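Hello,

Here is the structure we spoke about, followed by my notes on it. Please look through it when you have time.

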Amino acid sequence: MKNTLFISLLSLLILIIFNPANASLNGNDPLSREYSPESLTSFVKYLIDNAEFYRAHAELDRLTSYYPEYITPLCYNITSSYLLFKSGRYNDILAKDMVNKDNSSLCAINIFRIDSLIKTGIYNDQLMDELFEYQHCFEGEYSDLYKKREMYYAILKSFNDETDLIQTDNNKYHDSCVYAQNLSQEKKSPLLGAVAGIIPGMGYVYAGETGTGVLAFIVIAAGSAITWGAHVNKIEPLAAISGAATFFMYSGSIAGGYMQAIKFNRGLSEKLVVRLDRDFLLDRDRDDLYIKCGIESNVR
């Protein structure tokens, strides 16, 4: 009886020691190791290094969901904003909740929000004013980043809105302002493009598409000649068809001059953005913020 009881107790002890559930609790279970905070963090870093930014953001959310206290709020907010920006999800950044954020997090996240608004190409004064309303950010450790973006936005907005271009005595931004002024002088008037289009093809020529303008002139002239010839020779069905087609192309020439001028100006705006990105190095600021405050990786 004693032997049977001893064997039963020994069996129970062995079962407890080698119970898979205990292995999981002790961290020896492969599944447990896979979802440990260290493993999830390493996976996030791996995805970032391989430019899988949006997937990395999903894994970052998984990490903070499983282990809310594992990384600091500042680290999460900077890393999250960085990954969303690299994924091109600018509207998600602009929609971020800024309530209950400490000053450091708020100022840092707002850098990504300002850059996101610039990237969308929607120069919204009211929203930009809201992004720049945190005056303490202009005086703390992020002051240079804010002042730089304020100037960047002012140059872009004045160029696109055709208002007086910003003037500055700051040598750091002087060349950018001069470049924007010179580029602004090349802009075309869409209204003038439409008026020029009254002469077939001239709207395209005015907007810099000489080849398209010459082709439009030849096609419309040929269509007009066919229509006139068909009418003179009493071939009314051909005259009606040719006349309708020619009128359609002629109307398109006028509208085309207008649209081509807008397209030309958009190209100048994109050219200005390339120059400003080179001069202001906003992307480097974002990388520096991520490297300083975000999850470590070999991103650079």
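The side chains of Asp 287 and Tyr 82 make a polar contact at 3.0 Å (a pair of N or O atoms within 3.5 Å; within protein, one must be able to donate a hydrogen and the other to accept it, and residues adjacent in sequence count only if both atoms are side-chain atoms). This is a predicted model, in which local features need pLDDT of at least 70, side-chain atom pairs count only at pLDDT 80 or more, and totals for chains, interfaces and linings use all residues. Residues are numbered from 1 along each chain as its sequence is written, and side-chain values use heavy atoms, with hydrogens and water left out.

Asp 287 sits in helix H16, residues 282-293 (helices are DSSP runs of H or I, at least four residues, numbered from the N terminus). Its relative accessibility is 18%, so Asp 287 counts as buried (under 20% relative accessible area; exposed is over 50%, partly exposed in between; 1.4 Å probe, protein chains only).

On the cysteines: the search of the whole structure finds zero disulfides (pairs of cysteine sulfur atoms within 2.5 Å). For Cys 75, the nearest cysteine sulfur belongs to Cys 293 and is 8.3 Å away. Cys 75 is buried, at 10% relative accessible area, and Cys 177 also counts as buried, at 6%.

Val 195 belongs to helix H12, residues 190-196. Its relative accessibility is 46%, so Val 195 counts as partly exposed.

Regards

Definitions and conventions
Helices (H or I, at least four residues) and strands (E, at least two) are DSSP runs, numbered from the N terminus.
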